[in-house]
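This briefing concerns the protein chain displayed below. Please keep the sequence and the model in view while reading the points that follow.

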Amino acid sequence: MKALRTHAVGGPDTLTLDEVDDPVPGKGQVVVAVKACAINFPDTLMIRDLYQFKPERPYAPGGEIAGVVEAVGEGVDQFKVGDRVFGGIGNGGLVEKVAVDARRLFPVPEGVPFEKAASLMMTYGTTIHGLKDRGHIKAGDVMLVLGAAGGVGLSAVELGKAFGAKVIAAVSSEAKGEVARRAGADDVVIYPKGEMSKDESKDLANRFKAACGPEGANIVYDIVGGQYSEPALRAIAWEGRFLVVGFPAGIAKMPLNLTLLKSCDICGVFWGAFTAREPEKFRAQAAELFDLMKAGKIDPLISETFPLERGGDAIAKLENREAVGKLVVTME
């Protein structure tokens, strides 16, 4: 079978399409014939050895898959050959077949295509955990979402609206703002792409404040980091929750005196560790996502698909912050 793998530290251009042996399911595992693999920001970090998990090379990036069960290992009774499944696997998804712990998989909901199934768990899973467990979201909250047109950002817009919040989408272009509006955002703030001066940072903070209203943002959902985090923190409400989700623009240096002045919290959102530490709660939240999808309240936006041999192009596009919605590699 074919696998797009990393053999040495480097960017997406270093990935090679290899011919490897078909996997065999171990105890508790199933082999999935992968039909779709969604690309996420950790994929860009892993191959450069910049992520907290560093799998042994060679390996295939790609942490979110959907496909068809091809073989079942000892002790697996929840799936059978031919079942349509999806789930988060950490890495190893840019392959034609993969052996996966059956406990990490879910049945694909009826009528959901593989591309959308592969795009659901990591983005929406991260966000439902972040908003409910870390952000304690409630109806009537005002939520400011940085990077609102990407896969995770759009999941925050949709789930924020589903949970009754007013959502302010912060994006880098008017075109991305229109995508966020179509997903349900109540208002849009366009932030500059280049390095901001002190005055520009202050102006952005004022524009965030104006959009969020006089009380400020009860929740800031920060997927971007870097120079954009401080202006967003300055727009937070009394006892607001600032959720740190990602930092493609760099790790922010936050003025902690603002946390005292606003009596606010800065909270990390580490979904991967949450799923391992609280598997029952994770599966309950996954079931809630399925219900929201059936109700039409969430719907992953697939902006572009790539064949397996061009999986590196998908990773490069995400790394360069050019993606809108989800980028998906398909095997057929």
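In this predicted model, strand β9 (residues 166–171) has 5 of its 6 residues buried, so it is largely enclosed by the rest of the structure. Buried means under 20% relative accessible area, exposed means over 50%, and partly exposed lies in between, with a 1.4 Å probe and protein chains only. Helices (H or I, at least four residues) and strands (E, at least two) are DSSP runs, numbered from the N terminus. The model is predicted, so local features need pLDDT of at least 70 and side-chain atom pairs count only at pLDDT 80 or more, whereas totals for chains, interfaces and linings use all residues. Residues are numbered from 1 along each chain as its sequence is written, and side-chain values use heavy atoms, with hydrogens and water left out.

**Strand β9 and its neighbours**

- Strand β9 pairs with strand β8 (residues 142–146) in the parallel sense, over 5 bridges; two strands count as paired if DSSP finds at least two bridges between them.
- Within this pairing, V167 of β9 is the bridge partner of M143.
- Between β8 and β9 the chain passes through helix α4 (residues 151–162), and this β-α-β crossover is right-handed.
- A crossover is called right-handed if, with the strands pointing away from the viewer, the path from the first strand over the helix to the second runs clockwise.
- Strand β9 is also joined to strand β10 (residues 187–190) by 4 bridges, and these two strands run parallel.
- In that pairing, A170 has V189 of β10 as its bridge partner.
- A right-handed β-α-β unit is formed by β9, helix α5 (residues 174–182) and β10.

- Strand β11 (residues 217–222) runs parallel to strand β12 (residues 236–244), and 5 bridges join them.
- I219 stands opposite R241 of β12.
- Strand β12 pairs in turn with strand β13 (residues 265–268), in the parallel sense and over 4 bridges.
- F242 has I266 of β13 as its bridge partner.

**Helix α3**

- Of the 14 residues of helix α3 (residues 121–134), 12 are buried, so this helix is largely enclosed by the rest of the structure.
- The buried residues of α3 include M121, Y124, H129, L131 and D133.
- H136 follows α3 and has a positive phi, near 50°.

**G312 in helix α11**

- G312 belongs to helix α11 (residues 311–319).
- This glycine, G312, is buried, with a relative accessible area of 13%.
- Not counting residues up to four places away in sequence, G312 touches L4, P12 and L15, where contact means heavy atoms within 4.5 Å.
- G312 and G82 are separated by 230 residues in sequence and by 29 Å in space, C-alpha to C-alpha.

**Backbone features in loops**

- The peptide bond from R57 to P58 is cis, with omega near -5°.
- P58 is located in the loop between α1 (41–46) and β4 (64–72).
- D49 lies in the loop between α1 and β4 and has a phi near 60°, a positive value in a residue other than glycine.
- With 27% relative accessibility, D49 counts as partly exposed.
- R321 is found in the loop between α11 and β15 (326–330), and its phi is near 60°, a positive value in a residue other than glycine.
- With 36% relative accessibility, R321 counts as partly exposed.

**The chain as a whole**

- The protein chain contains 11 helices and 15 strands.
- A compact globule of 332 residues would have a radius of gyration near 20 Å, and the 20 Å of the protein chain agrees with this; the radius is taken over C-alpha atoms, and the globule rule is 2.2 Å times the number of residues to the power 0.38.
- Along the principal axes, the C-alpha atoms fill a box of roughly 60 × 40 × 35 Å.
- Of the 332 residues, 53% count as buried.
- Among contacts with a separation of 6 or more, 67% come from residues 24 or more positions apart.

**Annotated domain**

- An unreviewed UniProt entry carries the annotation "domain: Enoyl reductase (ER)", which covers residues 10–329; positions are in the numbering used here, feature names are shortened, and annotations may be inferred rather than shown by experiment.
- Over residues 10–329, the chain is 32% helix and 25% strand, with the end C-alpha atoms 20 Å apart.
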